[in-house]
Amino acid sequence: MLCETIFLREDDSDVRLETYVSKKSGDMWWTPPRDCMLILPGGAYYFLAEREAEPAAKAFLAEGFNCFVLYYSLGEKARFPRPLQDVSLAIAHIKRNAEKYNINPDRIFVCGFSAGGHLAASAGLFWNRPEAAFEGMEAGENRPAGMVLSYGVVTLGEHTHLESCRYVTGKEEPTQEEREYWSPDKHIGPDTVPAFLWHTQKDDCVDVRNALEMTNAL
């Protein structure tokens, strides 16, 4: 197992990748490149839910994925587009090191939970926005192959998780225009990557209508 910590921002050691990668070595030299899952835990953009970090990585690892957990910008640093740029940095790093990690660079997926579901959806919809880019990034280098949205905050509209919405916009009372700009369900288009959504009807934190509205939009 290759377990590393990769710091993605020179100015912020909190933004980092943790790797859960099966090594291609010894009598495993023949192992073909694996699919990759980049996991984005939830926590309302205020904290990072550890129960959605390593446990999720281990579950996907057991199914044959090589996995990464992204610790992205939180709190006062969570105002978009900074967390979106964190994901861009992460995906680009994985693609640039695909041979080292024995990963198919065309099969890198994002899996987000709750507020991390908003970030995963943003990665899958807004990857080609100028705000998602970082210096030296090649066009499309940050595009995931698909997105898994797990009880995600995928709308910033009427049924959003209000605390997450406030961190995304940086406003206590964001305007309708500010909400819609970073609301994934309002921007489905030809460049949207394939999606898998799941939720539970009785979720008392993130309204299930997030998933329903996103499904209808897709």
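1. In this predicted model, strand 1 (residues 5-9) pairs with strand 2 in the antiparallel sense, over four bridges. The two strands form a hairpin, with two residues between them. Within this pairing, Phe7 stands opposite Arg16 of strand 2.

2. Leu17 has Leu70 as its bridge partner in strand 4. As a general point on such elements, side chains in a regular strand alternate between the two faces of the sheet.

3. Is Leu17 buried or exposed? Leu17 has a relative accessibility of 0% and therefore counts as buried, the limit being under 20%. Beyond residues up to four places away in sequence, Leu17 touches Glu4, Thr5, Ile6, Leu8, Leu38, Phe68, Val69, Leu70, Ala90, His93 and Ile94. For a sense of distance across the chain, the C-alpha atoms of Leu17 and Glu163 are 25 Å apart, with 146 residues of sequence separation.

4. Glu141 deserves a separate look. This residue lies in the loop between helix 4 (115-125) and strand 6 (146-150). The relative accessible area of Glu141 is 11%, so the residue is classed as buried. Which side chain makes a polar contact with the side chain of Glu141? The partner is the side chain of Arg96, at 2.5 Å. Arg96 is also among the residues that Glu141 touches, together with Ile91, Ala92, Lys95 and Gly136, when residues up to four places away in sequence are not counted.

5. Most residues other than glycine have a negative phi, and most peptide bonds are trans. Phe80 and Pro81 are joined by a cis peptide bond, with omega about 20°. Pro81 is found in the loop between strand 4 and helix 2 (82-96).

6. Asn102, a residue other than glycine, has a positive phi, near 55°. Its place is in the loop between helix 3 (98-101) and strand 5 (103-113). Asn102 counts as buried because its relative accessibility is 7%, with the cut-off at under 20%.

7. Tyr151 likewise is not a glycine, yet its phi is positive, at about 40°. Tyr151 belongs to the loop between strand 6 and helix 5 (162-169). With a relative accessible area of 17%, Tyr151 is buried.

8. On overall architecture, the protein chain has seven helices and seven strands. Read from the N terminus, the order of elements is β-β-β-α-β-α-α-β-α-β-α-α-β-α. Among contacts between residues at least 6 apart in sequence, 74% join residues at least 24 apart.

9. Why may the overall dimensions be described as those of a compact globule? For 218 residues, such a globule would have a radius of gyration near 17 Å, and the protein chain has 17 Å, so the two agree. The C-alpha trace spans about 55 × 40 × 35 Å along its principal axes.

10. Finally, surface and burial. Of the 218 residues, 54% count as buried. The protein chain exposes about 10,500 Å², of which carbon and sulfur atoms supply 50%.

Note on methods:
Residues numbered from 1 in each chain as written. Predicted model: local features only at pLDDT ≥ 70, side-chain atom pairs only at ≥ 80, totals over all residues. Heavy atoms only, no water. Buried < 20%, exposed > 50% of the residue type's maximum accessible area, 1.4 Å probe, protein only. Polar contact = N/O pair within 3.5 Å; in protein donor to acceptor, adjacent residues only side chain to side chain. Contact = heavy atoms within 4.5 Å. Pairing = 2+ DSSP bridges. Rg over C-alpha atoms; globule rule 2.2 N^0.38 Å. Areas by Shrake-Rupley, 256 points an atom, 1.4 Å probe, with all protein chains shown as cover.
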